[in-house]
Amino acid sequence: RVANAHACTPAQVALSWALARGVVVIPKSTNPIRLEQNLKTATLTSDEMRMFAKIQKHERKVDPGRDLKELEWVFHEDSAACPLI
C-alpha cells in the first residue's frame, strides 16, 4: 500500500525507511533495473514512519558469531584456507 502510494517498489520503501532512520544500507543486486531502483528512494510521511516503527520486531538479522565463523577464511593469511581460491 505504501509502495503504491509513492509509485515505487516495496524494496524502495524498505530502503527509504532505513535511510530515514539513519541506518546505512547496502542493497545488493546484479539486475541493472533494480540497481537503478535502489538509488531512488521515497519520502515517507511521518505517519508511515510511525506505522513501520510499530511493526519492528527488534530482532537481529545478522548473527555475528555464526556469520564471522563462516567468513573466517577472509581474515586468514594463508590463501589455501580460502575455499574460493
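**Walking through the fold**

Mentor: From the N terminus on, the elements of the protein run α-α-α-α-α. This is a predicted model.

Trainee: How confident is the prediction, as mean pLDDT?
Mentor: The mean pLDDT is 78. Of the residues, 66% reach 70 or more.

Trainee: Where is confidence lowest, and where is it highest?
Mentor: Lowest in helix H5, residues 64–70, with a mean of 62. Highest in helix H1, residues 2–5, at 91.

Trainee: What share of the residues is buried?
Mentor: Of the 85 residues, 21% count as buried.

Trainee: Which residues make up the largest nonpolar core?
Mentor: There are nine: Val2, Ala3, Cys8, Val13, Trp17, Ala42, Leu44, Met49 and Phe52. H1, H2 and H4 each give two or more residues to this core.

Trainee: Pick one. What does Val13 touch?
Mentor: Beyond residues up to four places away in sequence, Val13 touches Val2, Ala3, Cys8, Leu44 and Phe52.

Trainee: And Leu44, where is that found?
Mentor: In the loop between helix H3 (32–39) and H4.

Trainee: What is Leu44 in contact with?
Mentor: Setting aside neighbours within four places in sequence, Leu44 contacts Val2, His6, Val13, Ser16, Trp17, Met49 and Phe52.

Trainee: What share of the contacts comes from residues 24 or more positions apart?
Mentor: They account for 58% of the contacts with a separation of 6 or more.

Trainee: Switching to rings. How many aromatic pairs does a search of the whole structure find?
Mentor: One. Trp17 and Phe52 form a tilted pair, 6.2 Å centre to centre, with 55° between the planes.

Trainee: Which helices does the pair link?
Mentor: Trp17 is in helix H2, residues 10–20, and Phe52 is in helix H4, residues 46–54. The two are 35 residues apart, so the pair links distant parts of the chain.

Trainee: What lies over the face of Trp17?
Mentor: Arg21, at 4.5 Å from the ring centre.

Trainee: Now H4. Which of its residues are buried?
Mentor: Glu48, Met49 and Phe52. They cover an arc of only 100° around the axis, so they sit on the same side of H4.

Trainee: Why would residues a few places apart point the same way?
Mentor: An α-helix has 3.6 residues a turn, so residues three or four places apart point the same way.

Trainee: What covers that buried side, and which exposed residues are on the face turned away?
Mentor: The cover over the buried residues of H4 includes H1 and H2. The face turned away carries the exposed residues Asp47 and Lys54.

Trainee: Last one. What is phi of Ala7?
Mentor: Near 50°, a positive value in a residue other than glycine. Ala7 is found in the loop between H1 and H2. Ala7 is exposed, with a relative accessible area of 73%.

Methods: Residues are numbered from 1 along each chain as its sequence is written. This is a predicted model: local features need pLDDT of at least 70, side-chain atom pairs count only at pLDDT 80 or more; totals for chains, interfaces and linings use all residues. Side-chain values use heavy atoms; hydrogens and water are left out. Rings of Phe, Tyr and Trp (its six-membered ring) pair if their centres lie within 6.5 Å; planes under 30 degrees apart count as stacked, over 60 as edge-to-face and the rest as tilted. Helices (H or I, at least four residues) and strands (E, at least two) are DSSP runs, numbered from the N terminus. A charge sits over a ring if NZ of Lys or CZ of Arg is within 6 Å of the ring centre and within 35 degrees of the ring normal. Contact means heavy atoms within 4.5 Å. pLDDT is the predictor's confidence in each residue, from 0 to 100. Buried means under 20% relative accessible area, exposed over 50%, partly exposed in between (1.4 Å probe, protein chains only). The arc is that of the directions from the helix axis to the C-beta atoms. A nonpolar core is a set of buried Ala, Val, Leu, Ile, Met, Phe, Trp, Tyr and Cys residues joined through side-chain atoms within 4.5 Å.
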